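Trainee: I have just opened this model and would like to learn how to read it. Could you take me through a few features?

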Amino acid sequence: MSVTVLVVDDNPVVRTGLLALLGLDPRIQVVGEAANGEQAITLARALRPDVTLLDIRMPRLDGLQAARELVGLTHVVMTTFTDTPDAVHDAVDAGAVGFLVHGTFAEADLVTCVVAAAAGTGVFGGPAMAALRAGRPVPNRARPETALSPRQVEIMHLVAQGCSNGDIARRLFLAEKTVKNHINHIFAGLGVRNRAEAISLWLGGTTVEELTDA
């Protein structure tokens, strides 16, 4: 089964490069491209792509504003030159499930991110993961692990490393359905909507070992 993708960037050279990289993998089908957030929303409503690759800085409607409209239609992955911590956290707050910074990822990273995003798994490149690790302080917020059971803490550490449900199931000798149930309870316990928000909260609110880049 192919993963359908919408590519959104105001720079035609960047769009061409993304299209070329995605076209090398038979699992991916690009169904459209747009040059601004307004076009992206219109196309996403019409095409319902599995994943939308979205730039942040664009005319008419930027990527962060567009993401808030797109997340009900598609899985959003930011592909951008903007790598500030605030941009990464704002993207997660808007509902993005992944964040890649141009110049820091290879073809394989892009394809991995798209396939993972289609399955609802967040993937973040090195600069984005560093921003999530740094966190964005929230006064008087309880440490996130206090809301979880010991098993859920163990699973959340693996989620924060970019492990899929299948990976976690194999590592912990659990059924994949059991892992999925735990993750749903983790989301409820942390008060988040998806993996990206969970990772952002987890890495910003607790001390973890140095993580491998997604």
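Mentor: Let us look at a helix, some strands, a loop residue and the nonpolar cores in turn. This is a predicted model, where local features need pLDDT of at least 70 and side-chain atom pairs count only at pLDDT 80 or more, while totals for chains, interfaces and linings use all residues. Residues are numbered from 1 along each chain as its sequence is written, and side-chain values use heavy atoms, with hydrogens and water left out.

Trainee: Which residues of helix α1 are buried?

Mentor: An α-helix has 3.6 residues a turn, so residues three or four places apart point the same way. In α1 (residues 12-22), V14, R15, L18 and L22 are buried. They lie on the same side of α1 because they cover an arc of only 100 degrees around the axis, the arc being that of the directions from the helix axis to the C-beta atoms. V13 and T16, on the other side, are exposed. Buried means under 20% relative accessible area, exposed over 50%, and partly exposed in between (1.4 Å probe, protein chains only). Helices (H or I, at least four residues) and strands (E, at least two) are DSSP runs, numbered from the N terminus.

Trainee: What do the buried residues of α1 pack against?

Mentor: They pack against β1 (3-8), β2 (28-34), β3 (51-54), β4 and α5 (107-118); contact means heavy atoms within 4.5 Å.

Trainee: How should I read strand β5?

Mentor: In a regular strand the side chains alternate between the two faces of the sheet. In β5 (residues 98-101), G98 and L100 on one side and F99 and V101 on the other are all buried. β5 runs parallel to β4, joined by four bridges, with T79 opposite L100. β5 also pairs in the parallel sense with β6 (residues 123-124) over two bridges, where F124 is the partner of F99. Two strands pair if DSSP finds at least two bridges between them.

Trainee: Is T82 buried or exposed?

Mentor: T82 is buried, with a relative accessible area of 9%. T82 sits in the loop between β4 (75-80) and α4 (85-94) and touches I56, R57, A87, F99 and V101, not counting residues up to four places away in sequence.

Trainee: Which residues touch the most other members of the largest nonpolar core?

Mentor: A nonpolar core is a set of buried Ala, Val, Leu, Ile, Met, Phe, Trp, Tyr and Cys residues joined through side-chain atoms within 4.5 Å. Of the 53 residues in the largest one, L54, M78, F99, F124, M156, I168 and L190 touch the most other members. A second, separate core of 20 residues includes L18, I28, V51 and V111.
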